[in-house]
Amino acid sequence: MNAALKKPQLRKSTGAVQKCIAGDCTAEYAINEPIYVCRKCGDPLEIDCRVEAFPDPLSLRQQWEARAASRDPRDRSGVWRYREVLPFNDNASIVTLFEGNTPIYDAPKCALYAGLSSLTLKHQGNNPTGSFKDTGMTTAVTQAGILEAQAVLCASTGNTAASLAAYAARANVKCAVLLPEGQISPAKLAQSMDYGAIIFEVEGNFDDCMRLTHELAEVPWIYIANSVNPFRIEGQKTVAYELMMQCDWRVPDHVVVPGGNMGNSSALGKGFDEMRRMKLIDRVPKLSVIQAEGAAPLAHLFAGFMKAGSTNEKLREAKIETVAHPRTLATAIKIGAPVSWKKALRAVIQSQGNIISVNEQEMADAKAMIGLEGIGCEPASAATVAGIKKLVAQNKIGRDESVVGILTGHVLKDPDYVGHYHRGMLSLDFDVEGQGEKKVPIAGGFRNPPVRVMATKHAIIESLQRER
Ligand code: F0G
């Protein structure tokens with residue numbers, strides 16, 4: 001049990017290295033060094049895949065398109081299909097559940113709701129465990145295998161845990177997940193139990209779980225699979241590649257995504273930036289991140305940052321004020337101290353996007369609208385459409401601009417929330433110091449509760465004629 005992770009190799013044949021994201025720190029680390037933050041300055045690391053060195057990037061597009069019809073397991077995965085831009089050797093033994101390949105949908109009702117002439121939604125909830133996390137877990141757990149980790153571990157608001165548990169089960173490696181007790185959806189918890197993870201219900205919130213993860217990262221035989229791990233980001237960045245392929249390489253004006261720990265926005269930003277550097281696209285979409293109002297430390301920082309006028313100098317100096325008691329019914333993004341905020345902020349500023357927050361009512365109604373499209377999603381995902389509506393109202397997105405909203409989790413991830421909304425029983429309950437419990441009711445603007453009916457044909461027909 002006390003075996004350390006495998007010794008670092010020098011560089012892989014891909015030429016990829018891990019490097020510090022701080023502009024003024026030049027630290028680089030070998031690709032297989034088990035390390036999560038820069039040893040010199042403590043900033044996060046990212047993987048440099050040396051994409052500029054590809055001799056003929058445009059031919060990659062055709063290769064990726066052609067793979068859609070192949071039976072090779074690597075081609076059937078919507079992540080490994082893009083393996084040329086991943087930091088793995090060709091002979092790596094990959095752990096896949098055939099993640100990715102998620103659909104894009106026209107969403108005319110949501111477009112009308114948000115004040116746009118059209119809107120496209122990409123549904124990452126159509127992944128094997130029902131969330132976008134799978135696109136990062138396939139690469140993180142593959143890397144855990146390369147490093148011969150004895151156990152993989154993560155802190156989670158539910159989806160990361162479910163995803164890691166599933167991929168660890170496929171890889172036959174011990175898996176531990178740290179979950180804030182009583183604060184995650186029972187459906188997500190059920191997944192982690194079913195996939196055989198060791199589940200620790202921590203007395204505290206997600207940020208406490210994340211702090212423990214940082215401490216446990218020092219244990220040499222444990223491999224951390226949160227998005228501080230740059231191999232997670234590598235898998236998740238392929239969503240940007242897949243999206244561009246689905247858009248026939250026509251760059252949308254905006255891509256909008258919910259933000260919690262900020263791994264997803266960082267990853268999408270990295271994917272688009274790489275494609276621009278490879279000249280696969282001639283510009284990047286404006287990347288905007290939407291947080292829940294009660295858990296929006298980066299939206300606050302961004303607002304101040306914009307007021308002061310953003311410069312690279314200021315970006316380097318930026319400091320986040322964490323939220324000690326984050327509050328939102330969108331438990332997936334109930335995070336007060338996001339670990340990847342620096343990467344996300346950089347991506348948003350470079351693309352000239354925005355970071356804003358939406359309230360509980362806005363999220364709940366947007367979620368119901370997404371449901372009415374026949375698409376559905378979990379509450380955190382709906383921050384996307386709620387945020388798009390707000391950005392349109394603020395003239396930050398033009399009515400006729402092309403917009404892609406990323407939905408991050410499946411509607412069945414949080415059935416209690418859905419039922420409560422439609423039955424008019426949804427409320428945000430929290431303690432106010434010295435004043436006891438406060439209850440903020442959320443109105444069901446688009447309620448659709450079940451209809452009680454007598455067990456006769458006549459009663460059903462009569463009711464059908466009355467209902468919309
Ligand atoms: N949407 C869903 C459904 C999520 O589960 C998460 C994060 C996010 C959005 C935010 O993405 O953290 O990359 O900014 N869930 C993590 C988890 C924290 O543990 O499942 P992010």
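**Helix packing and overall fold of a predicted protein chain**

Helix H9 passes helix H12 in a left-handed crossing, a crossing being left-handed if the near helix is turned anticlockwise from the far one by less than a right angle, and right-handed if clockwise. The structure is a predicted model, in which local features need pLDDT of at least 70 and side-chain atom pairs count only at pLDDT 80 or more, while totals for chains, interfaces and linings use all residues. Residues are numbered from 1 along each chain as its sequence is written.

**H9 and H12**

- H9 (residues 263–277) and H12 (residues 341–351) pack with their axes 8 Å apart and at an angle of about 45°, where axes are lines fitted to C-alpha atoms over the stretch in contact and angles run from 0 to 180 degrees between N-to-C directions.
- The two helices, H9 and H12, are therefore oblique to each other (angles under 35 degrees count as roughly parallel, over 145 as roughly antiparallel, 65 to 115 as roughly perpendicular and the rest as oblique).
- Ser 265, Ser 266 and Gly 269 of H9 make the contact with Lys 343, Ala 344, Ala 347, Val 348 and Ser 351 of H12, two residues being in contact if their C-beta atoms, placed from the backbone, lie within 7 Å.

- H5 and helix H6 (residues 186–194) pack at an angle of about 20°, with their axes 8 Å apart.
- That angle makes H5 roughly parallel to H6, and H5 passes H6 in a left-handed crossing.
- On the H5 side Asn 159, Ala 161, Ala 162 and Ala 165 meet Lys 188, Gln 191 and Ser 192 in H6.
- Ala 166 lies in H5, which covers residues 159–171, and is buried, with 28 other C-beta atoms within 10 Å (buried if 20 or more other C-beta atoms lie within 10 Å of its own, exposed if 12 or fewer, and partly exposed in between).
- Leaving aside neighbours within four places in sequence, Ala 166 is in contact with Leu 97, Pro 128, Thr 129 and Tyr 195.
- Ala 166 and Ser 192, which are 26 residues apart in sequence, are 7.5 Å apart in space, C-alpha to C-alpha.

**The whole chain**

- The secondary structure of the protein chain comes to 16 helices and 15 strands, taken as DSSP runs of at least four residues (H or I) for helices and at least two (E) for strands, numbered from the N terminus.
- Of the 468 residues in the protein chain, 49% are buried.
- Along its principal axes the C-alpha trace spans about 75 × 50 × 45 Å.
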